[in-house]
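Welcome! Take a moment to look over the model below, and then we can walk through a few of its features together.

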Amino acid sequence: MSSPLFGTTDVSYHIGSHLEYPAPDFFLLEEYFADDYTVNELIRSFGAQATDFILKTGHSMDNHNISTPQYIEKGIVSDNSGQQYIRYAVKTHFIQQDSDLSELVRQYISPLYHAGDMLFITAKIVSLCEGLVRTREQIRPGILARTLYRFAGDAGCDEAGCTPEGKPYPGLGMHEPYKMQLAIDLAGVPRFLLACACSALTKPFGIHGVYYKVIGHNVADIDGLNKASPFYRDMALMNPENADRICDDVTGSTGIPCAIMDSNDFATHLLGKCKSFPLRNEDILRVMAENPGDQGDTMTPFVLVRPIEKEVSR
């Protein structure tokens, strides 16, 4: 469209209570709806201003058959220099295997994006989009897995795969035969047996995690095969090994700087980021502390992080 769709008023509209933009004129908005402009056209013209205004005013979009991205404010954090950021966890539909990651970013993030924003993507949906998935049907537990899994229980994890707080246990775990067989398939029998032996020898001395260090092959990073999750109970997700390249591709096609995170309620890991990402690794881990994308089945695989402009003293 060649002409602007919104007029403006003198009223400042606050987005996230931190950044200010001119408020689109509500009556002009109604006129454009009446003229059959779609919400998508409004968003393409005014981006996050249009989206946030429509969401905040509660304007009905039922007649336009458009689902505007929904988000949850996840608090304010600071990096090591003291710069503050506000975080938004963006809800999506359930992402299916072999989805187009760049298209998902355009669908859910582009309407909310402002210059200076940064996008963090959970490793789980990257694995789905890249096809890094193994299902229960593809895994055939052998004698070793069917015998040894009984001795590999995870501390604090029940038979359903949950922590004492009722949340799905992060990571693969080895407390059922399908999970153990996948580790064998990836690492091979000799390394698997070596990892089991080293773990058995060191656990009595209170040393934990040796199994995953010895077995390698990113076995510790595999997610899924969790009976507590209705979505991932029958599939295992393996982290991408080329996360930097994936981020560069997404940023190149969307213009939004992004990073891929493997986070849960216990730890946060940076898998990769685009070349133009504005934060250092140590600042990324600080900004993404406490897992703002949440653990489990909240369907918030994107976290949009927005710098808060510092007030200029007069």
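In what order do the strands of the open sheet lie, and is their pairing parallel or antiparallel? The order is S6-S8-S7, and the pairing in this three-stranded open sheet is antiparallel. Keep in mind as you look around that this is a predicted model.

The sheet has two edge strands, S6 (133-135) and S7 (223-224). Each of these has a single partner strand, so one side of each has no neighbour in the sheet. Strand S8 (residues 235-237) runs antiparallel to S7, and two bridges join them.

Now turn to a pair of helices. The axes of H3 (residues 101-108) and H9 (residues 243-254) come within 9 Å of each other. They cross at roughly 50°, which makes H3 oblique to H9. The crossing of these two helices is right-handed.

Here are the residues that make the contact:

| Helix | Residues in the contact |
|---|---|
| H3 | Leu 101, Ser 102, Val 105, Arg 106 |
| H9 | Ile 246, Asp 249, Val 250, Ser 253, Thr 254 |

What classes of residue does the contact of H3 with H9 have? There are four nonpolar, three polar and two charged residues in it.

Conventions
Residues are numbered from 1 along each chain as its sequence is written. This is a predicted model: local features need pLDDT of at least 70, side-chain atom pairs count only at pLDDT 80 or more; totals for chains, interfaces and linings use all residues. Side-chain values use heavy atoms; hydrogens and water are left out. Two strands pair if DSSP finds at least two bridges between them. Helices (H or I, at least four residues) and strands (E, at least two) are DSSP runs, numbered from the N terminus. Axes are lines fitted to C-alpha atoms, for helices over the stretch in contact, and angles run from 0 to 180 degrees between N-to-C directions. Angles under 35 degrees count as roughly parallel, over 145 as roughly antiparallel, 65 to 115 as roughly perpendicular and the rest as oblique. A crossing is left-handed if the near helix is turned anticlockwise from the far one by less than a right angle, and right-handed if clockwise. Contact means heavy atoms within 4.5 Å. Ala, Val, Leu, Ile, Met, Phe, Trp, Tyr, Cys and Pro count as nonpolar, Asp, Glu, Lys and Arg as charged, and the others, Gly among them, as polar.
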